[in-house]
Amino acid sequence: MMSHDIAAVPKFALAIDNDNHAPGPEENWQESSLFTWHDADSASGGFYRLGMHPNRKTASIYTWTALDGRMVDRRMLWGVPLPAGHITGITIGDVAVSTIDPLERYQVTVTRPDLSLTLDWRPFVPPMMHTLSTPGSGSVLAKGHYNTMGRATVTGEFEGRRIELWGDGFMDHSWGPRTGIPLGTRWLVASFGPDFCIMILQNMTEQGSMVKASYILRDGRVVNASSRTRIHMTVGDDSYSPEGCEAEVWDVEGRCYRVRGKVVAPCSVYPFHDSFLTHGTAVFECGGRVGRGILECSNNFKGPPDWEVATLGLAGQTPI
């Protein structure tokens with residue numbers, strides 16, 4: 001059992017929240033779970049997001065696995081029949097999640113003709129409740145949400161070769177209506193070990209840059225991140241894939257962590273409501289320590305935000 005005496009600013013999730021929640025009346029009401037793992041040393045990692053849409057009677061999954069710098073499995077399925085069970089205990093499209101101990105231990109399996117993986121996923125700290133939606137961002141992301149950092153032991157086979165890896169990553173569970181994403185987002189998940197992790201979700205809004213559900217785990221304490229945080233992302237020639245970052249991460253107690261990141265494996269594009277996200281396994285450096293995790297960015301390609309259009313007096317149209 002994990003210790004629950006961490007001096008955390010966010011509230012811990014309750015074991016009952018591991019299960020499904022009663023859906024609201026919204027057509028876009030959803031319940032989702034996400035598990036990731038990343039091993040920068042071998043340029044490997046995985047991302048497994050399962051979604052249930054009870055008012056549509058459908059489910060969805062977005063999944064990818066990279067091994068030794070190669071994307072070996074990548075799929076997104078919409079509109080599949082809604083399975084019975086909880087979001088932390090279902091199978092969708094050859095990916096299964098099961099709860100071994102609520103909020104404290106999970107198993108994720110991927111079963112494909114040439115790939116079989118089993119993840120034993122355990123949090124470093126108990127999952128914490130957060131608010132995802134940001135005023136002025138143009139999106140509603142969840143009614144309830146918790147997440148945490150942790151570690152997965154990964155075993156299995158790929159093309160007849162035995163796989164034995166471990167990687168650090170992120171898990172979350174969200175429920176409620178969900179619409180759109182902000183104008184731009186930057187997501188940095190960096191684990192330097194169980195005693196030091198950084199999780200930052202930076203959104204661009206009409207109030208400027210803001211961070212939500214973001215924190216620093218250091219020496220047994222969890223401290224919220226400040227919106228002074230800046231993630232300067234390097235994007236590739238395709239104009240949407242992250243290649244690295246230079247970040248100044250500030251916590252609400254005034255400490256600054258300077259983080260340098262580099263993507264070391266193929267990125268994946270994730271269609272997400274009316275835009276898309278792009279992310280990949282990354283290696284990080286902070287204060288002389290080397291970590292592993294993921295970098296993600298999104299950019300709204302549909303034109304300037306509404307408040308910029310209004311300021312320029314364009315009446316909703318962009319001149320050529």
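**Entry 1: ground rules.** I worked with a predicted model, where local features need pLDDT of at least 70, side-chain atom pairs count only at pLDDT 80 or more, and totals for chains, interfaces and linings use all residues. Residues are numbered from 1 along each chain as its sequence is written, and side-chain values use heavy atoms, with hydrogens and water left out.

**Entry 2: confidence.** I looked up pLDDT, the predictor's confidence in each residue, from 0 to 100. The protein chain averages 88, and 86% of the residues score at least 70. Residues 1-7 have a pLDDT below 50. In the model this stretch still has 21 contacts beyond near neighbours in sequence (a contact means heavy atoms within 4.5 Å).

**Entry 3: aromatic pairs.** I found 11 aromatic pairs in the structure. Rings of Phe, Tyr and Trp (its six-membered ring) pair if their centres lie within 6.5 Å; planes under 30 degrees apart count as stacked, over 60 as edge-to-face and the rest as tilted. I noted Phe 47 with Tyr 270 as an edge-to-face pair, 6.3 Å centre to centre and with 65° between the planes. Phe 47 is in strand β3 (residues 44-53) and Tyr 270 in strand β21 (residues 268-272), so this pair ties together parts 223 residues apart in sequence. Strands are DSSP runs (E, at least two residues), numbered from the N terminus.

I then checked burial, where buried means under 20% relative accessible area, exposed over 50%, and partly exposed in between (1.4 Å probe, protein chains only). Phe 47 has 2% relative accessibility and counts as buried; Tyr 270, at 5%, also counts as buried.

How are the rings of Tyr 62 and Tyr 270 arranged? Their centres are 4.1 Å apart and their planes at 5°, so the pair is stacked. Tyr 62 belongs to strand β4 (residues 58-67), and the pair links parts of the chain 208 residues apart. Tyr 62 is buried, as is Tyr 270. I recorded Phe 47, Tyr 62, Trp 64 and Tyr 270 as one aromatic cluster.

**Entry 4: charges over rings.** I searched for NZ of Lys or CZ of Arg within 6 Å of a ring centre and within 35 degrees of the ring normal. Arg 228 places its charged end over the ring of Trp 250, 3.5 Å from the centre.

**Entry 5: strand β13.** I went through residues 184-191 and found 8 of 8 buried. Gly 184, Arg 186, Leu 188 and Ala 190 point one way, while Thr 185, Trp 187, Val 189 and Ser 191 point the other way.

Which strands pair with β13? Strand β14 (residues 196-205) pairs with β13 in the antiparallel sense over 8 bridges, and strand β23 (residues 289-299) pairs with β13 in the antiparallel sense over 8 bridges; pairing requires that DSSP finds at least two bridges between two strands. Ser 191 has Cys 197 of β14 as its bridge partner, and Gly 184 stands opposite Asn 299 in β23. β13 and β14 form a hairpin with 4 residues between them, and Gly 193 in the turn has a positive phi of about 125°.

**Entry 6: Leu 34.** I located Leu 34 in strand β2 (residues 29-39). Leu 34 has 5% relative accessibility and counts as buried. Leaving aside neighbours within four places in sequence, Leu 34 has contacts that include Phe 47 and Trp 187.
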